[in-house]
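This note sets out several points for a student who is reading the structure below. Please keep the sequence and the 3D view at hand while working through them.

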Amino acid sequence: MAAKAGDNPDSLMTLATVFCLRNLRKTMCYQGFRNKLCLRSDIFLPSEICDKLVNTYMELVHTDSNFEPEESFFQLFSDPRSTRLTRVQLREDFVRDRDLEAIRKQDLIELHLTYCNSLSSRSLKTLTCFRETLVSLCLFGCTHIFYRKGGAPLACNEDTEDEEEESPASRQMLETDFNFQGFNRLRLLNLGGLPDEVDAETLLKPLKSLTSLDLSNVQLLGTAFLTQWKDRLASLVLYNVDLSEELVNTVVEIVNLRHLDISRESRRTSKFKMTRKILTAIVQRLVNLVSLDISGHVMLDNCTVPHFEEAMGRPRWSAMLTYHVSTVAHNGQTNHWVTGSKNEDQVLNAIEAYTEFRPELAHRAINQLFDIARIQHCSQLLRALQLVIAALKCHKYDKSVQVTGSAALFYLTNTEYRSDQSVRLRREVIQVVLNGMEQYQEVTVQRNCCLTLCNFSIPEELEFQYSRVNQLLLKILEPARQDESIQRIAVHLCNALVCQVDNHHKEAVGKMGFVKTMLNLIQKKLQDRMCDQVMEFSWSALWNITDETPDNCQMFLNCRGMSLFLECLQEFPDKQELHRNMLGLLGNVAEVKVLRPQLLTPQFISVFSNLLDSKADGIEVSYNACGVLSHIMFDGPDVWSMEEPRRDTVMDKMWDAIQSWDVSSRRNINYRSFEPILRLLPQSISPVSQHWATWALYNLVSVYPLKYCPLLIKEGGISLLEKVLELESSQPETKDMASKVMEQCENFKEHPMETNHGQEVNYGQRG
């Protein structure tokens with residue numbers, strides 16, 4: 001069998017790393033003074049393991065809500081005699097000055113800090129600790145690192161305590177004492193987003209050996225300083241930098257450039273016009289170029305592929321295309337790739353190229369992928385899913401990426417693509433969807449995420465995140481006024497999640513407030529006098545979550561559930577589906593002996609008795625009403641304290657109702673266990689309850705033998721039916737029906753395949 005998309009297992013190294021990080025105190029660490037996490041004295045870790053631990057830790061912090069960050073985690077790597085760090089990637093506001101200070105004694109070769117806006121100029125001082133070893137440094141989006149906190153002087157004390165938590169707005173004093181003096185080994189530098197107040201030329205002047213420089217979104221006061229690397233620089237990124245003739249003239253002097261990016265986010269914000277003359281100068285002067293990005297510029301003088309080929313004189317690019325997303329041509333050896341919006345390849349290339357540092361362009365490309373998956377067909381499913389997942393993880397705080405990414409996931413996980421996806425890949429999708437639901441209480445993101453979850457088998461595929469997904473859905477349903485479509489989808493998901501799951505799951509969800517949330521929705525619909533899918537799904541969900549779960553049944557009664565039941569009956573007398581769901585729920589309540597006295601009132605008994613005559617939904621409403629009464633009758637005449645209605649009168653109506661049902665009726669119900677029915681069999685205190693139970697068994701084993709004959713045999717039903725035959729109190733019609741049940745099961749054991757009729761039923765709920 002061919003492997004499915006995304007089916008490759010994690011490496012042992014990855015599995016061990018994640019396990020250690022989730023169990024630090026049981027593996028590498030112990031609880032020290034003041035509960036501080038300390039590395040065990042017999043632990044010595046090489047750089048390969050330490051790098052993996054730190055980088056995986058950051059990924060878990062940002063993508064797994066169940067992962068608990070450790071306040072002193074980075075202190076574990078403070079001593080290079082026991083731990084070695086060389087390549088570290090940190091991102092977002094989670095990273096603090098104290099975290100970098102904790103690892104200042106390490107000989108870092110690579111340090112990538114991305115959008116770390118909690119860092120202040122204290123971390124600039126820490127950077128100098130790495131100046132003798134650092135080869136690659138990224139400070140992309142770390143705008144506050146160039147400002148002192150609250151105007152404090154630049155200082156780094158080894159005994160510094162945790163800094164005060166200040167908002168970025170308080171960091172307004174520019175740090176002027178830092179430059180890159182002494183960073184002699186530095187080759188790759190990314191200063192994307194450098195604040196306008198910082199003079200890039202002064203900052204960079206000490207660096208003599210750069211080979212790669214990224215100045216995205218940086219305001220350059222002058223450009224001549226770039227020529228100090230004209231013989232060394234191989235990569236120059238000037239994305240969203242205002243182009244001028246002076247800057248272009250400077251760039252073409254950097255003759256060893258292999259990669260040049262002078263693109264813009266939008267052509268509408270630029271006064272610069274890209275002419276054929278300028279492009280010709282670039283490609284003719286920069287003879288080593290293999291990659292060029294000029295997207296977002298207004299193109300003049302028919303800047304087309306033939307003109308490029310004419311200007312270049314020899315085929316260094318095999319393609320050069322311009323689209324509103326981006327334009328990149330790359331020729332390493334014999335392969336090339338182009339980003340754009342013309343086809344799936346270009347769109348996926350754009351997502352891959354721009355996700356990390358240009359979410360605005362990644363957003364546009366994902367939007368193009370959305371159209372491909374929705375209207376056409378995505379032929380590179382694995383790559384598409386992995387790129388969208390990576391974008392959503394990388395930019396979980398970016399609303400535009402979350403909106404387009406969650407929309408794309410909906411189409412990439414639908415039925416058309418499902419058979420090609422592995423369990424692991426689909427779990428990754430679920431995780432990233434839940435991250436989006438957690439981060440954004442915004443209508444579009446919530447709707448997209450909920451719709452995407454509907455593409456999965458519920459509850460099976462969501463069970464590994466069962467508690468989390470239920471909590472998120474209940475949070476969505478909390479507001480009194482919620483978007484109608486989101487409310488409908490969320491209630492549907494809630495209902496599906498509590499159908500056919502173990503009781504401990506139902507109990508846990510009940511404790512989250514599930515019962516109260518559903519009843520609040522019902523109350524709201526009653527106020528609006530509206531019986532729609534939300535109303536019906538809410539009652540169905542209550543039916544499911546109370547199945548063999550006494551605590552949830554108790555919650556239903558405590559939260560005015562019976563009052564809402566009566567109000568719904570009165571307000572919507574002709575809603576058959578609603579009546580079926582409500583009576584199914586009350587059947588679950590009636591199965592709990594200690595709760596039955598709360599149902600034994602003249603008002604409730606009269607209602608149940610009247611519903612015995614209902615023809616709604618076939619026999620379902622009448623059947624469920626009779627089930628409720630059967631359990632109440634099972635407690636005997638001693639508990640029947642009311643004068644009206646009389647017990648004998650109600651029992652007579654029950655007999656009449658049962659005899660009116662067609663025993664071959666196909667059912668909209670699904671029993672996971674017969675235990676509540678079987679307990680009504682060997683008794684003489686309520687023959688009508690015994691008859692209802694026997695009728696129910698005969699109907700189910702005769703119409704759906706493949707499902708219910710094995711269940712009845714497994715749960716010891718045959719011996720209980722034999723006792724029914726032995727009891728003198730059992731009515732003749734009950735004994736006759738009990739014999740038929742036993743005969744049906746016997747035939748099934750002898751010829752199981754021959755009784756497989758009517759098995760195509762789509763079983764409904766039974767709580």
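1. Helix H23 itself covers residues 561–571, and its buried members are Gly-561, Met-562, Leu-564, Phe-565, Leu-566, Cys-568 and Leu-569. In an α-helix, residues three or four places apart point the same way, because each turn takes 3.6 residues. It should be kept in mind throughout that the model is predicted.

2. The aromatic rings deserve attention next. A pair of such rings is described by how far apart the centres are and by the angle of the planes. The count of aromatic pairs comes to 23. In the pair of Phe-178 and Phe-183, the centres are 6.4 Å apart and the planes stand at 75°, so the arrangement is edge-to-face, the term used for angles over 60 degrees. Phe-178 counts as buried at 10% relative accessibility, because the limit for that term is under 20%. Phe-183 is also buried, with a relative accessible area of 2%.

3. Which arrangement do the rings of Trp-661 and Trp-695 adopt? Their centres lie 5.0 Å apart and their planes are at 70°, so this pair is edge-to-face. Trp-661 belongs to the loop between helix H27 (647–660) and helix H28 (675–678), while Trp-695 belongs to helix H29 (residues 687–703); the pair therefore ties together parts that are 34 residues apart in sequence. Trp-661 has 8% relative accessibility and counts as buried. Trp-695, at 2%, counts as buried as well.

4. One aromatic cluster is made up of Tyr-57, Phe-67, Phe-73, Phe-74, Phe-77 and Phe-94. Arg-358 lies over the face of Tyr-239, at 3.9 Å from the ring centre. Arg-427 lies over the face of Phe-464, at 4.3 Å from the ring centre.

5. Is Gln-690 buried or exposed? Gln-690, which is found in helix H29, has 0% relative accessibility and counts as buried. Its side chain reaches two backbone oxygens: that of Leu-681 at 2.7 Å and that of Gln-683 at 3.3 Å. When residues up to four places away in sequence are not counted, Gln-690 touches several others, including Val-724, Leu-727, Ser-730, Gln-731 and Thr-734.

6. Leaving aside neighbours within four places in sequence, Cys-454 is in contact with Ile-489, His-492 and Leu-493. Cys-454 and Asn-414 are 40 residues apart in sequence, and their C-alpha atoms are 8.9 Å apart in space.

7. The largest pocket has a volume of about 1300 Å³. Its lining consists of 30 residues, and those that lie nearest the centre are Thr-56, Glu-59, Leu-60, Thr-63 and Lys-393. Among the elements that give two or more residues to this lining are helix H1 (12–22), strand S3 (87–91), strand S4 (110–114) and helix H12 (381–394). Which element gives the largest share of the lining? That element is H3, with 8 residues.

Methods: Residues numbered from 1 in each chain as written. Predicted model: local features only at pLDDT ≥ 70, side-chain atom pairs only at ≥ 80, totals over all residues. Heavy atoms only, no water. Phe/Tyr/Trp six-rings, centres within 6.5 Å; stacked < 30°, edge-to-face > 60°. Buried < 20%, exposed > 50% of the residue type's maximum accessible area, 1.4 Å probe, protein only. Helix = DSSP H or I, 4+ residues; strand = E, 2+ residues; numbered from the N terminus. Lys NZ or Arg CZ within 6 Å of the ring centre and 35° of its normal. Polar contact = N/O pair within 3.5 Å; in protein donor to acceptor, adjacent residues only side chain to side chain. Contact = heavy atoms within 4.5 Å. 1 Å grid on protein atoms, 1.4 Å probe; cavity = no way out; pocket = protein on both sides within 12 Å on 5 of 7 lines; lining within 4 Å. Points joined across faces, edges and corners; volume = space filled by probe spheres on them.
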